[in-house]
Structures are given as C-alpha cells and as structure tokens.
Amino acid sequence: MANPDAIVVGAGPNGLTAAIVMARAGLAVEVYEAAEEPGGGVRTMELTLPGFRHDVCASIFPMAYCSPILRTFPLEQFGLKWLWSPAALAHPLNDGAAVFEVGIEETARQFSADDAEVYRAIFGSAREALRALLDRGIAGLVPKFGSVAMLGLKAAGSGAGLCRKFESERARALIAGMTGHSMLPLTKAATAGVAMALMAAGHVGGWPFPEGGAQSLTSALVAYLRSLGGEVRTGVRVQSLRGLPNAKAVLLDVGPKQVLQICGEELPSMYRSVLQNFRYGPGAFKVDWALSEPVPWRSKEVARAATVHVGGPMDEVVASEREAWFGRVAEKPFVLAAQHTLFDNTRAPDGKHTFWGYCHVPNGCEVDMTERIEAQIERFAPGFRDCILERSVKSPSAMQIHNENYVGGDIGAGAMDIWQLAVRPSLRYWSTPLDRVFLCSASTPPGAGVHGMCGYFAARVALKKRFGVEALSLFGA
C-alpha cells in the first residue's frame, strides 16, 4: 500500500477535524489512535451498570454546534442527531435557581430591571458578533468594529469583574458558573471571555448534546472521514516519528509532553525547552452515577436543563476555583453536572437515569472528592443519595490514563491563563521546527473545548506549507 500523504496521530475531535480538512483537499490521510476506540475526550461507555451509557469526558456541546468548521461537515448524514433541553442550563440556589435560557429576553427577565438591561447589552452584543462571524466571517464583523472592540475589552477582564456588573445574586451566580469552565481563578484576566463565549454560543444555538452519547459525534466524524477516503486505525501507539510511514505531513493531536516523547531529539533544544515549560492547570475529579430515578432537585426549574452548575452563590464558586488553582481542595466544590436521560431515553434502561459530574482539584490531586461532590448535590436535591444504584469514580490520574493529553487530569490540555492563550504552546502555534510536523491538539489555539478549530488551523497551515494548497477559509481571509 502506498504511503499516505498525511498522517494524524490521535483521533480526538481536533485530530479527526484535521484529517477531514486534509481529505477534503484530496489527500490520502490516515489517523492513528492508541486507544481501542476513537474520540479522545468524546466517548461514551457503560461505566456503572449494563445499559447505563455515560459520557467519559465531554458531554454538552455548545461550541461544537457553533463551530465554524464542524458546521461545514454533513454530520447529520452520518448519524448525528442533536438534542436540546428546554433550558440550556440551571444553577440551583438556596431560593430557587438561576436559569440560562436560549433566549436573551427569557434569561434577562429573571433579574432585576437594571440587571436585565446590563445583560441584554453585554450578551446581546456577544450573540450578534458570533452570528455575524458564523454567517459572513471577518467581513461580517467589520461593520460592528466598535461593538466588537468593546466586547474584546470586556472579554479581557476577569470573570469576577463581569459578575460584579450585576447586582443580584442570581445573575452573579449564573455568570460565575460559566466562568468556572476556565479552570482558573475567577479573578484572572480574560476569564470573562470564557463566560461570554459560552453564553454567546448558547444564545445562538443552545447547549445541545448528541442522542445516544458523545460517541455519536465521534462516530459521525469517523464515518465522514472514511467517506472521503480517509482511514482511522485504532490500537496503534505512535512512539516515534521514525516508526511512521514517510508521509509529507504529520499532524499531532497530542499535548507538549507527548510531542517530546514522539519527536525526541529531532527537536531543537530551545523548542524542547519551551514544551517542557508548558504549564498545566487544575485536574478534574469526575463521578458518574446510575440512578433509580431523576435527581430530586428542590427547584423544579433545574429539571428543565440538561446542564447543571452546582455551586451556590458567586462567592462559593470563586472560592472553589481559587482553591484548586492554588493547590488546595474545596470543602464545597463547584460541580459541573449533566442529566441527559431527562431528555434522551437511549442512555439508560426504562425508568432509570444517568448523572454526570466533576469538580476541579489541584493538578494530579488524589484526594477522593466523592463525598464532597455528593454533599453539594444533596444540598440542592435532598434525597439524591437514595437514588444512587452505582457510581464510577475517576481521579485526575484516572482521567490521564483515559486520555494521555489530560496531564494531571487537566481536561483543558494546558492552563488557559492569558499568557498561554497568547502563546500556546509556543509562538509557532501549529507549526514546529520540523518541516513536516504540525500540532493540532487543544494545546494550540484557540484552546480547550470540542470545536475542532485547533485541527482546522493546523490542517490549513500544513496544506499551505507542505502541499501548496489553500484550505477552505472560514473567515474571509
């Protein structure tokens, strides 16, 4: 068999996206994946009891649904079916819940008149900027330059500062929970941008999830790639560039630590040093539950949303994320949770349910957070423990075993503070000092999240540098 034109190492969403972009340009592409199943962090398994299907890592997909590159793939033709809950997200509080609705007006009306006005101004502008970008690329943003510049200034601020633009506990808690996805202290610069991106995506397309589990998204990507002539080979561990066929381009969907292992001494010492100094953020401690019945939330509003932020008021979310960053575990952890089976009955036996949740802990931490996580849920859903049939627990080290890119349990593939957003993992971004080797993992821009954009940008650079081909431009550039 002839050597492929391009090889992709790693079959996560970025690796598969890169392979598809290369294949759409007419190249012969092969993807090598060390695990027995493709997907990386986008997989579904029976982790607890037979018939209970749990998403191993990524579970709710606002960024995938709004991704400029994934939306160009005909994934629905390959079995992907998106589902939406009536509300995108709920954040239970002692006196009810803050609810993130797809509609801006519906979200804003639960706040005071002053807070509602601020919410419309900030997130209305963010929504319109995202819509313009998706519809017309950079050209769509040009007429909105002043508004976009103002949004950029707000996004460069801290999540805590964004929260304090609002007076009510409900609004502050909702935005604090969104900012918590950054895996950074909410006082850090640019964390406001995480909340704004997630909320803009939600107001454009909601927070959907694939019917049957996250694996459905991976299966559709693999099927589409194969329809283009690409191939995915699982159970193939790449340990060295020298063990690969002589392809003209090699794209690595792996983190800096794995790049060092694969490329070894072929890399110049200065670049090796940069990769060795790449910093990882807090880890994830995750629990999956098989339940006899739905989570008995005190507030009925919470049952309208597939995604739940269990963290109480803003100050508690701020404290939890600060503790994880500075090497301590929180007594009241901020828990990011999902309750798919309220809206997707394919994931559990009739009448039974799954529940998915994790909190942030120090990188590599081995403290068992199960009791603290369950206490947080019980706090807002009395009787939750009585519903548990079985649980599956994954510490940060177990998360890394599942996906080697999650060093110390960091599911963000590297700390996303403002420095490592600008220089990720180096100023070369997707290129390396080796002419044929490119990086396409979440450790490159734009960073963490299931959106495929790291793969798209890497493939575009590789196509131009190695094949003289211009890939599809998503941004009018």
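**View 1. Ala338 is found in strand E13, which spans residues 335-338.** Strands (E, at least two residues) and helices (H or I, at least four) are DSSP runs, numbered from the N terminus. This is a predicted model, in which local features need pLDDT of at least 70 and side-chain atom pairs count only at pLDDT 80 or more, while totals for chains, interfaces and linings use all residues. Residues are numbered from 1 along each chain as its sequence is written, and side-chain values use heavy atoms, with hydrogens and water left out. Ala338 is buried, with a relative accessible area of 1% (buried means under 20% relative accessible area, exposed over 50%, partly exposed in between, with a 1.4 Å probe and protein chains only). Not counting residues up to four places away in sequence, Ala338 touches Ser59, Ile60, Ala306, Phe355 and Trp356, contact being heavy atoms within 4.5 Å. Ala338 and Phe355 lie 17 residues apart in sequence and 6.0 Å apart in space, C-alpha to C-alpha.

**View 2. An open sheet of 7 strands runs in the order E7-E6-E12-E13-E14-E11-E15, with mixed pairing.** Two strands pair if DSSP finds at least two bridges between them. Strand E7 (96-100) and strand E15 (388-394) are the edge strands, each pairing on one side only. Neighbouring strands of this sheet are turned by 20 degrees against each other on average, direction ignored. Strand E6 (residues 87-93) pairs with strand E12 (residues 305-310) in the parallel sense over 3 bridges, and the bridge partner of Ala87 in E12 is Ala305. Helix H8 packs on the sheet, touching E6, E7 and E12, and its direction makes about 115 degrees with that of E6 (axes are lines fitted to C-alpha atoms, for helices over the stretch in contact, and angles run from 0 to 180 degrees between N-to-C directions).

**View 3. Phe100, Tyr119 and Phe123 touch the most other members of the largest nonpolar core, which has 47 residues.** The largest share of this core, 6 residues, comes from helix H8 (residues 169-179). A nonpolar core is a set of buried Ala, Val, Leu, Ile, Met, Phe, Trp, Tyr and Cys residues joined through side-chain atoms within 4.5 Å. Not counting residues up to four places away in sequence, Phe123 touches Ile104, Leu162, Phe166, Ile175, Ala195, Met196, Met199 and His203. A second, separate core of 45 residues includes Phe61, Leu80, Ala249 and Leu463.
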